[in-house]
Amino acid sequence: MTLNQSTLNTLLSRINLEQIAVATIVFAVGLLVGYLLRILVHRTTIRFMPTYISSLLAKATYYVIVVIFAIMALGIMGINVSGLILAGGILGIILGFALQSIVSNLVSGIFLYWERPFKPGDIVEIEGMAGTVVDINIMSTRILGFDGIMIRIPNEKVFTSTIKNITAKPVRRLEFTLGIAYKEDAEKAYNVLREVVEKHPLVLVEPPPEIYVEELADSSVNIKVRVWVPVREWMNVRKELLWKLKKALSNAGIEIPFPQRDIWLRSPVKVILSKDRDQEES
Amino acid sequence: MSKGYGELKDKIEITTQQQQKTVITIAKNNNKVIYTRKTGNMEIHRIIGGKDIKVTLQPVFSVFYPDISKQYTEYILIKLRSPIDIAPQETLKAYTTMPVDIGVTVSNGEKQYFIDLVFCNNMKLALYGSVNEGIIARYHEANITTNKNVYEANKPGLSIVELGLSNRLNEWVTISKILVNVNAMKLCYKPSTWQAYTSKIVFTAITRLTANIAYHSISCVNAVEALKPHTAKLPVIKHKTSMPWGY
C-alpha cells in the first residue's frame with residue numbers, strides 16, 4: 001500500500017509535539033511512581049507476609065499504576081481510550097471466567113495466610129488426607145502423607161474444608177479401651193494398667209491419666225485408659241503404650257476375652273458320639 | 001576406681017536414685033579409648049579416636065530423652081511435696097533440688113564433646129498451664145527445706161538449688177510449684193563427689209496471677225562449672241522468666 005503525500009501531511013498536522021512530550025512525561029512519572037510504590041509495598045508487606053504474597057502484591061501495584069498512567073498519557077495525546085477501556089473490560093470478564101479457579105485458589109491462599117490454620121511442619125488432616133505440611137504456596141498446599149506420598153491440595157479446597165491441625169497444641173490425649181474377662185479382678189487390672197502408664201516417660205503427669213471402667217459389655221468389662229502425651233510423640237506413644245498395656249495384662253494373667261455368647265436351648269439335646277452311633281446303626 | 005563427677009580414670013560404679021547400678025569402664029590405648037557402659041542388661045561400647053583423650057562425668061539437667069542429642073524441654077517444673085506459705089511483704093531463703101543426669105564428655109584439650117548420658121532419674125513430663133497454651137516441662141517432685149545440709153547426701157541424680165522466695169503482695173501466698181528455665185541456669189559440681197548445685201533462683205510473687213523467676217549468676221567456689229550440651233545453649237541467656245499462677 002502506498003501513502004500519498006496529502007494523507008501524510010494530514011497525519012503529521014494532527015500530531016502535536018507538545019502533547020507527545022506531556023504524555024511521555026506523564027508516562028515516565030507513572031513508571032517512577034509505580035516503581036517507588038512497588039518497593040514501598042514490598043518493604044512494608046514483607047514484614048508480616050510470606051515473600052511470595054508480598055512480591056505478588058508489589059508487582060500488581062506496579063502494573064496497575066503503569067496502566068493508569070498509560071491511559072492518562074494516551075488521553076493527553078488525544079487518543080480516545082473509551083474503546084480501549086471497553087475492550088479491556090470485556091477482556092477482563094473473559095479472563096475472569098477463564099481464570100476463575102486460579103483466582104479462587106489465589107484468594108484462598110491469601111486468606112489461608114491471614115487465618116493461619118496451620119504452618120509448614122504441622123501435622124494436619126484435610127479432606128481425610130493426613131500428613132505433614134511441607135509447603136503453603138499461593139496456589140496450593142503440599143502435604144507429605146505418612147506413607148511418603150506427596151499430596152497437593154488446591155488452596156480453594158483447603159479453605160473450604162474442615163482442617164484438623166493435630167500439632168497445633170503442645171499436648172494431645174490418647175485413649176485405649178481394654179476389655180478384661182468378667183471373672184478377672186478389675187482392681188488388679190486397674191493397678192497393672194496404672195503402673196504401666198505411670199512408668200512411661202512420655203505420659204504426662206499433668207493433666208493426670210484417667211483409668212476407669214467404661215462399660216460392662218457383653219463379653220468383657222471394658223476399661224478406658226486416657227493419657228496426655230506431647231503432641232509430637234503421640235504416634236510413638238500410641239504404638240508403644242498399647243503394646244505395653246496388653247503385655248502387662250497378659251503377664252499378670254488377666255484374660256482379654258474374645259466376644260462370646262451363652263446359648264440356652266429350650267429342649268434337651270441328645271448328643272451321639274460316633275461309637276454310640278455305630279452301635280445304634282448295627 | 002573413680003568416684004563421683006570429674007575425670008574418669010578407669011572404672012566407676014554408679015548407683016542411681018532408683019537403686020539401678022551402672023558400671024562405666026574405659027580402656028586407653030595409644031590413639032584411642034574404648035568406652036563401655038553397662039546398665040542392667042544393656043551394654044554399650046564406643047570407640048573414641050584421638051590422643052590424650054580425657055573422659056569426664058558431669059551433671060546435666062535432666063531434660064534430655066532418650067539421649068543427649070534430644071532436649072525435650074527447657075523447663076523443669078518443681079512440685080513441692082509440702083507447699084510453702086509466705087506472709088505479705090516477706091522473704092524466705094530455702095533449699096530444694098532439681099533433677100540431674102550424668103553426662104559423659106570426651107576431650108583432647110579444650111573442646112569437650114558429649115558421648116553418653118546416664119539416667120539417674122525416671123523421666124516424667126507434665127503440662128504446666130492449659131491444654132491451649134501450656135508448656136511441657138520436666139516434672140520433679142521435691143522437698144523444700146531451710147537447712148542446706150539436708151541435701152549433702154552423696155548420691156547422683158539431684159542438684160541443690162538455693163531459693164529466694166519473696167512475696168510483694170499484701171496478702172499471703174502459697175507456693176506449691178516453681179517453673180524454671182534450665183537454659184538460664186548454670187550447674188557446678190564438686191569433683192570426686194556426687195554433689196552438684198545450681199545458680200540461685202529468686203521467686204517473686206508480683207501479682208495475684210504472676211510470679212517472676214530471676215536467675216542469679218553463680219561462681220563455682222571449690223567446684224567446676226558443668227558443660228552444657230550444645231542443644232541447651234541459647235544465643236541470648238534469659239535472666240528472668242515469668243510464670244502464671246493457678247495451675
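Guide: C188(B) is buried, with a relative accessible area of 0%. In this predicted model, a disulfide joins C188(B) to C220(B), with an S to S distance of 1.7 Å. The structure holds 1 disulfide over all chains. The link of C188(B) and C220(B) is left-handed, with -50 degrees about the S-S bond. This pair links distant parts of the chain, 32 residues apart: C188(B) is in strand 14 of chain B, and C220(B) is in the loop between strand 17 (210-215) and strand 18 (224-225) of chain B. C220(B) counts as partly exposed, because its relative accessibility is 22%, while buried means under 20%.

Another cysteine, C120(B), is in no disulfide; the nearest cysteine sulfur belongs to C188(B) and is 18 Å away. C120(B) counts as buried, at 0% relative accessibility.

L187(B) is buried, with a relative accessible area of 5%. Leaving aside residues up to four places away in sequence, L187(B) touches a set of residues that includes P59(B), V60(B), F61(B), V100(B) and S159(B). Also among its contacts are A196(B), Y197(B), T198(B), V224(B), E225(B) and A226(B). V118(B) is 69 residues from L187(B) along the chain, and their C-alpha atoms are separated by 17 Å.

Next comes the place where chain B meets chain A. There, 14 residues of chain B are in contact with 16 residues of chain A. The two chains bury about 1400 Å² between them, and 61% of that is on carbon and sulfur atoms. On the side of chain A, the residues that lose the most area to chain B are P201(A), V205(A) and E206(A), together 40% of what that side buries.

The count of salt bridges between chain A and chain B is 2. E233(A) forms a salt bridge with K70(B), the closest N and O atoms being 2.8 Å apart. E233(A) lies in the loop between strand 8 (221-230) and helix 8 (234-251) of chain A, and K70(B) in the loop between strand 6 (54-61) and strand 7 (75-86) of chain B, so the pair joins two chains. E233(A) is buried, with a relative accessible area of 10%, whereas K70(B) is partly exposed at 35%.

Helix 8 of chain A also holds E240(A) and K244(A), which are 4 residues apart and so separated by about one helical turn. Their side chains meet in a salt bridge (3.5 Å, N to O). E240(A) is partly exposed, with a relative accessible area of 37%, and K244(A) is partly exposed at 38%.

Elsewhere in chain A, the side chains of D135(A) and R142(A) meet in a salt bridge (3.7 Å, N to O). D135(A) is partly exposed, at 25% relative accessible area, and R142(A) is partly exposed, at 31%. A network of salt bridges links R173(A), E175(A), E214(A), K224(A) and R226(A). Over all chains, the structure holds 21 salt bridges.

Note on methods. Residues are numbered from 1 along each chain as its sequence is written. Chains are lettered from A and ligands numbered from 1 in the order in which they are written. This is a predicted model: local features need pLDDT of at least 70, side-chain atom pairs count only at pLDDT 80 or more; totals for chains, interfaces and linings use all residues. Side-chain values use heavy atoms; hydrogens and water are left out. Buried means under 20% relative accessible area, exposed over 50%, partly exposed in between (1.4 Å probe, protein chains only). Contact means heavy atoms within 4.5 Å. A disulfide is a pair of cysteine sulfur atoms within 2.5 Å. Buried area is the accessible area (1.4 Å probe) that two parts lose on being put together, summed over both. A salt bridge is a side-chain nitrogen of Lys or Arg within 4 Å of a carboxyl oxygen of Asp or Glu.
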